[in-house]
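Work through the exercises below with the model open. Try each task before reading its solution.

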Amino acid sequence: MKRLKHITKFFTSVAPELGGGGLFASLEELIEQRQYVAYLRKLSQVKTLSHMAGDVKSAFKGRGMELEEIRSYAYGDDVRDMDWRVTARKGQPFTKLYAEERDREIYALLDLSSSMVFGTKNELKSVAAAKIAALLGWMSLENKDRFGCLVFDGADNLFFKPQNNKANMMVILKKISALSKEILTLKNSQPILKEKAVQLLESNIKSQAVVFVISDFSDFNEDFRRALATLAKKARVYALNVFDVLEEMPPLPGEYMAENSGERLVFDTKSKYFQKEYKAYFKDKRAKVSDFCQRFGIRYVEIRTDIPLHQQLKIS
């Protein structure tokens, strides 16, 4: 197991040769994420099966306190909204509909630190994370919510106050695109801890805000967990765990060499023991994040970089 941990350090710090695409998020790609908003809206009325524990779409379906109407119960309505008085009087089920909340604050905490600069198929984790942040931003604007963003690149925190206008959205997307390219060669002599980014966001948001933490949660230490737990007391938090297929399934049987900072390591993946331990190691890492989120009321969603992102943000 110690050798396996040593190997994974190489896997999570070396960027692959992906050609021109997938290395950084272009502004055009981030703008293109807007086209998937309509697709996701259609899913709000469709029950889908998913392996995800969280319900990202529900973040944009907030229920207000103002009663809008009472109508006949339809399949899929929340039974908690049943109007039992009217149901008893009419002899058939009726439900209450509430006016949907508007003008909420939606935030994305986007992790673009060094561990996100990794990918073996389609794109780097940092690119996938940037696209998710863009998609959430467009969904917020379409829903007439205010979108804010905190971008953490390991060396600095950039905070954008929430607004509901396209101009502010474009400012955010341009900066995300630029940073996703800069981090390919960024070397941090004194990296900022991730919990500092969470604490900065927590100190700037209002209560009842919705926060999406988009990260690979590679450095899930006690301080980071404590900061997330504190944030969850103030806001509705979603943890979007971005990972590469190689962080779930071992490479094909054979001998491989990894290199990082001049250090090389050769390892053999042929043995069944190696493959079993490999899968168990990464599965356990994700399970620890999932268990933590469940304990503190944080919605947990897994995002794999080789699957279309909008297909993984389905309702559960």
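Predicted model: local features only at pLDDT ≥ 70, side-chain atom pairs only at ≥ 80, totals over all residues.

Residues are numbered from 1 along each chain as its sequence is written, and side-chain values use heavy atoms, with hydrogens and water left out.

**Exercise 1. Classify two aromatic pairs.**

Step 1. Apply the rule: rings of Phe, Tyr and Trp (its six-membered ring) pair if their centres lie within 6.5 Å; planes under 30 degrees apart are stacked, over 60 edge-to-face, the rest tilted. The structure holds 12 such pairs.

Step 2. Take phenylalanine 220 and phenylalanine 224.

Step 3. Check burial (buried is under 20% relative accessible area, exposed over 50%, partly exposed in between; 1.4 Å probe, protein chains only). Phenylalanine 220 has 14% relative accessibility, so it is buried. Phenylalanine 224 is buried too, at 2%.

Step 4. Turn to tyrosine 256 and phenylalanine 267. This pair is stacked, with 5.9 Å between centres and 20° between planes. Tyrosine 256 lies in strand 8 (residues 255-260) and phenylalanine 267 in strand 9 (residues 263-268), 11 residues apart. Helices (H or I, at least four residues) and strands (E, at least two) are DSSP runs, numbered from the N terminus.

Step 5. Tyrosine 256 is partly exposed at 29%, whereas phenylalanine 267 is buried at 2%.

Step 6. Ring pairs link Tyr256, Phe267, Phe274, Tyr278, Tyr281 and Phe282 into a cluster.

**Exercise 2. Find arginines over rings.**

Step 1. Use the cut-offs: NZ of Lys or CZ of Arg within 6 Å of the ring centre and within 35 degrees of the ring normal.

Step 2. Arginine 286 lies over the face of phenylalanine 243, 4.6 Å from the ring centre. The charged end of arginine 299 sits over tyrosine 238, 5.8 Å from the centre of its ring.

**Exercise 3. Check the cysteines.**

Step 1. Search for disulfides (cysteine sulfur atoms within 2.5 Å). The whole structure has zero.

Step 2. Check burial. Cysteine 149 is buried at 0%, and cysteine 293 is buried at 2%.
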